[in-house]
Amino acid sequence: MDPAVTQSRVFLFLQGPHGPFFHALAGTLRAAGQRALKIGFNGGDQLFWPNRASYTAFDGPAATWRDFLGVYLDTHKVTDLVIYGDSRDIHTTAREEALLRGITLHYFEEGYLRPYWITYERGGVNGHSRLMQMSVSQMERALGGRMDPQAEAPAEWGALWQHVVLGAVYHAAVMLWAWRYREYRPHRAISVLREWGLYLRRLVRMPWHGIQRRVASARLSRSGAPYHLVLLQLAHDAAVKDHSPFADQDSFVRLCCNSFADAGLTHHRLVFKVHPLEDDRESVARLIRRSARARGLQNRVHIIRGGKLAPLLNRARSAVTINSTAGQQALWRGLPLRIFGQAVYAKAGFTSQQSLTAFFQNPDPPDRERYHLFRAFLLRTSQLTGGYYTRTGRAQVLRKITDVMLAQLDPYERVFTKRLQPRRSCGWFTHVPIERLPKADLCSLYCAQQ
């Protein structure tokens with residue numbers, strides 16, 4: 001048995017996805033003989049962590065967070081830190097303090113292969129993921145030429161209404177317990193009251209948006225015109241704010257409209273696919289219509305809110321995005337893709353490097369075979385079947401994730417180590433057995449040999 005499983009460890013949870021996933025995960029860790037603790041920052045964190053004995057509230061000013069956390073980590077002898085996303089200020093500080101103490105960092109994120117997978121990595125996610133430094137050739141050699149059968153790209157984003165409901169409940173709890181957490185400041189720019197109102201409005205408007213979507217889809221289908229698909233993201237998402245060159249959504253929309261107009265394809269259409277969780281804190285439709293009018297594209301631009309992505313991709317000529325995970329569904333279909341931000345799938349031969357105008361005119365196709373190798377590597381390592389927002393989705397993740405977290409090697413290290421094992425020694429480390437190498441060096445050591 002892996003020695004990491006037999007030793008009792010102390011897992012500290014910070015902020016997680018809206019809902020009970022982190023608390024349920026803590027329960028599986030306790031069942032495996034580990035301790036699980038939680039620091040909460042607001043009423044939403046408190047609501048979804050009903051185990052009061054393991055819960056500690058941080059209600060001080062942000063300037064005191066580092067000192068508070070340092071004392072907590074030392075007092076409770078924390079060995080592992082569990083975080084959702086890695087870009088919030090409180091999580092960035094926690095990462096720094098954890099690294100100083102040799103604490104293992106466990107990161108969760110929405111799936112790189114949405115919607116029926118979640119992402120688990122150690123050390124960082126998205127633009128901070130170790131995938132950013134791995135080449136597809138290294139991944140191919142790590143797989144040893146063996147590719148498991150790959151699931152089709154799903155047609156739907158996933159449990160949308162459950163996600164919206166849990167978000168509304170979370171922010172309602174933040175407001176109800178505001179007296180308890182007077183110093184709490186959300187990591188997003190708008191107030192908690194405003195965010196709660198947006199979640200509630202999004203929930204109420206879902207039927208109307210469904211009607212709009214069907215009308216817009218029918219109009220596009222009747223046109224019979226070739227079209228290019230723009231995959232919009234949430235402007236406040238960390239992938240856009242921290243890993244892209246755009247300061248706001250408007251800049252990206254204007255670039256798409258201007259480049260499409262300059263391409264001169266008067267018989268083509270430009271379709272903006274709005275993110276299914278878009279709450280219109282700044283009206284995306286208004287931004288698109290304004291940019292379209294400025295270039296005389298009113299009759300050639302379509303706006304489709306949410307809904308199934310697969311039918312749109314299946315008929316599109318190309319796809320454009322900042323760095324949305326939906327871009328991988330385009331690559332899975334062999335569809336030309338142009339991106340502008342950092343993304344784990346931004347590998348040589350996958351995404352076009354053309355100017356956007358040239359891309360619309362004659363897009364470079366991706367190397368579909370190499371993308372399938374990349375996807376196989378993700379499915380073998382960081383992607384776990386399931387989701388955060390439904391009971392069934394959580395159960396799927398929890399069946400596997402505890403053993404993965406307790407393992408000495410993370411999913412990437414495990415795959416690379418299997419390829420190292422037959423040699424029992426590596427390059428200039430010929431005198432050091434594999435088992436005694438620092439586990440953080442295994443991926444880089446394997447890649448350095450290739």
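1. In which helix is Ala173 found? In this predicted model, Ala173 belongs to helix H7, which covers residues 160-176. Its relative accessibility is 3%, and because buried means under 20%, Ala173 counts as buried. Leaving aside the neighbours within four places in sequence, Ala173 is in contact with Gly43, Gly44 and Leu47. Another residue to look up here is Gln46, which is 127 residues away from Ala173 in sequence, although the two C-alpha atoms are 8.3 Å apart in space.

2. The next point concerns the sheet. Seven strands make up an open sheet with mixed pairing, and their order is S3-S2-S1-S4-S5-S6-S12. Strand S3 (55-57) and strand S12 (383-385) are the edge strands, each of them pairing on one side only. From one strand to the next, the twist averages 25 degrees. As a pairing to follow by eye, strand S1 (residues 10-13) runs in the parallel sense with strand S2 (residues 35-40), and four bridges join the two. Val10 has Arg35, in S2, as its bridge partner.

3. Salt bridges deserve a careful look. Side chains of opposite charge can pair when their charged atoms come close. The count for this model is 11 salt bridges. One of them joins the side chains of Arg9 and Asp80, with 2.6 Å from N to O. This pair links distant parts of the chain, since Arg9 sits in the loop between helix H1 (3-6) and S1, while Asp80 sits in strand S4 (residues 80-84), 71 residues apart. Both Arg9 and Asp80 are buried.

4. A further salt bridge brings together the side chains of Glu97 and Arg66, at 2.9 Å from N to O. Glu97 counts as buried at 8% relative accessibility, whereas Arg66, with a relative accessible area of 34%, is partly exposed. Both residues also belong to a network of salt bridges that links Arg66, Asp74, Glu96, Glu97 and Arg101.

5. Asp250 and Arg290 form another salt bridge through their side chains, at 3.3 Å from N to O. Here too distant parts of the chain are linked, with Asp250 in helix H10 (residues 249-263) and Arg290 in helix H11 (residues 284-294), 40 residues apart. Asp250 counts as buried at 14% relative accessibility, while Arg290 counts as partly exposed at 42%.

6. The last point turns to the aromatic rings, of which a search of the whole structure finds 25 pairs. Phe21 and Phe22 form a tilted pair, with 6.1 Å from centre to centre and 40 degrees between the planes. Phe21 is buried at 0% relative accessibility, and Phe22 is buried with a relative accessible area of 4%. The ring centres of Phe246 and Phe252 are 5.4 Å apart and the planes stand at 65 degrees, so this pair is edge-to-face. Phe21 and Phe22 are also part of one aromatic cluster, whose members include Phe13, Trp49, Tyr84 and Tyr120. Charged side chains meet rings as well: the charged end of Arg52 sits over the ring of Tyr55, 5.0 Å from its centre, and Arg338 lies over the face of Phe340, at 4.4 Å from the ring centre.

Methods:
Residues are numbered from 1 along each chain as its sequence is written. This is a predicted model: local features need pLDDT of at least 70, side-chain atom pairs count only at pLDDT 80 or more; totals for chains, interfaces and linings use all residues. Side-chain values use heavy atoms; hydrogens and water are left out. Two strands pair if DSSP finds at least two bridges between them. Axes are lines fitted to C-alpha atoms, for helices over the stretch in contact, and angles run from 0 to 180 degrees between N-to-C directions. Buried means under 20% relative accessible area, exposed over 50%, partly exposed in between (1.4 Å probe, protein chains only). Contact means heavy atoms within 4.5 Å. A salt bridge is a side-chain nitrogen of Lys or Arg within 4 Å of a carboxyl oxygen of Asp or Glu. Rings of Phe, Tyr and Trp (its six-membered ring) pair if their centres lie within 6.5 Å; planes under 30 degrees apart count as stacked, over 60 as edge-to-face and the rest as tilted. A charge sits over a ring if NZ of Lys or CZ of Arg is within 6 Å of the ring centre and within 35 degrees of the ring normal.
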